[in-house]
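Trainee: Could we go through this model together, one question at a time?
Mentor: Happy to; have a look at it first.

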Amino acid sequence: EEVEESVGSIHKGVVVTQVQFDVIDVGNFDVDSAKILFNHLAGHGYPFVNCKQFQVLESMIYICEKFEIQGPINEIVEAFDKCPVTIENVIEAIEVAERLGSVEKYKQLSEDLHNRAIDFARCNFASWQVILNFMKENQARIEIAAKIFKALKEDSSATLRWTIKDTENLRLQDNLSSHSFVVQNVLWKLKLADDADGNMVPWIECVNPNGSPD
């Protein structure tokens with residue numbers, strides 16, 4: 001009976017095992033980037049493609065590189081392609097592209113992002129009003145803004161993708177068929193017009209400094 005009681009007391013005991021955790025110091029990185037990344041790794045974060053800030057995506061790449069986390073890299077790179085360039089973040093896009101370009105394995109990502117930013121500027125900085133307002137809003141980063149305008153000035157060519165879905169409607173509303181862009185610091189206009197046979201064909205006009213089409 002004494003033996004059975006002693007054995008019974010052993011079964012009632014609790015064994016405690018000490019667990020060691022590695023601490024990762026992410027103090028030098030963007031807080032939002034660290035939160036999104038580690039929530040994602042834990043399985044309950046939202047997809048990277050929902051991130052609309054290039055700097056946050058960039059910081060996630062650096063965290064992965066620092067701590068040798070390879071799994072999410074491709075997803076983060078894909079998220080760059082899904083993140084839209086806007087008038088509010090085009091300078092951020094150029095800055096991030098320049099920094100990523102200093103890392104050999106991300107040079108292609110850098111080039112793609114830079115080209116997207118310049119393409120956006122080419123099609124959206126087509127008036128002095130827009131340009132002056134843009135410069136006013138970005139005085140603190142005027143050097144980056146100057147790089148954008150320099151790239152537009154030095155452009156020797158441009159590739160435009162233009163989808164026409166309703167030619168009859170465009171025939172009636174000519175202003176909707178026009179698309180302005182900048183190449184070599186000159187404003188160009190792409191539009192549809194009727195040729196001699198009545199067929200709609202694309203036309204490109206150059207607006208000279210006096211404001212009349214050439």
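**Surface and ring pairs**

Trainee: Is Leu132 buried or exposed?
Mentor: Keep in mind that this is a predicted model. Leu132 has a relative accessible area of 54%. The cut-off for exposed is over 50%, so Leu132 counts as exposed.

Trainee: Which helix gives the most to the nonpolar patch?
Mentor: The patch on the surface is formed by Trp128, Leu132, Met135 and Ile142, with about 430 Å² of accessible area together. Leu132 is found in helix H7. With three residues, the helix that gives the most to the patch is H7 (residues 128-137).

Trainee: How many aromatic pairs does the structure hold, and how are the rings of Phe54 and Phe80 arranged?
Mentor: The structure holds five aromatic pairs. In one of them, Phe54 and Phe80 lie 6.2 Å centre to centre, with 20° between the planes. Phe54 in helix H3 (residues 54-66) and Phe80 in helix H4 (residues 73-82) are 26 residues apart, so this pair links distant parts of the chain. Planes under 30 degrees apart count as stacked, and the Phe54 and Phe80 pair is stacked.

Trainee: What about Phe125 and Phe149: are both buried or exposed, and is the pair stacked or tilted?
Mentor: Both Phe125 and Phe149 are buried. Their ring centres are 5.7 Å apart and their planes at 45°, so the pair is tilted.

Trainee: Which residue joins Phe125 and Phe149 in a cluster?
Mentor: Ring pairs make the link here. Alongside Phe125 and Phe149, the cluster holds Phe134.

Key. Residues are numbered from 1 along each chain as its sequence is written. This is a predicted model: local features need pLDDT of at least 70, side-chain atom pairs count only at pLDDT 80 or more; totals for chains, interfaces and linings use all residues. Side-chain values use heavy atoms; hydrogens and water are left out. Patches are made of residues with over 30% relative accessible area and no salt bridge: like charges are joined within 9 Å, nonpolar side chains (Val, Leu, Ile, Met, Phe, Trp, Tyr) within 5 Å. Accessible areas come from the Shrake-Rupley method with a 1.4 Å probe; for residues, only the protein chains shown count as cover. A salt bridge is a side-chain nitrogen of Lys or Arg within 4 Å of a carboxyl oxygen of Asp or Glu. Helices (H or I, at least four residues) and strands (E, at least two) are DSSP runs, numbered from the N terminus. Buried means under 20% relative accessible area, exposed over 50%, partly exposed in between (1.4 Å probe, protein chains only). Rings of Phe, Tyr and Trp (its six-membered ring) pair if their centres lie within 6.5 Å; planes under 30 degrees apart count as stacked, over 60 as edge-to-face and the rest as tilted.
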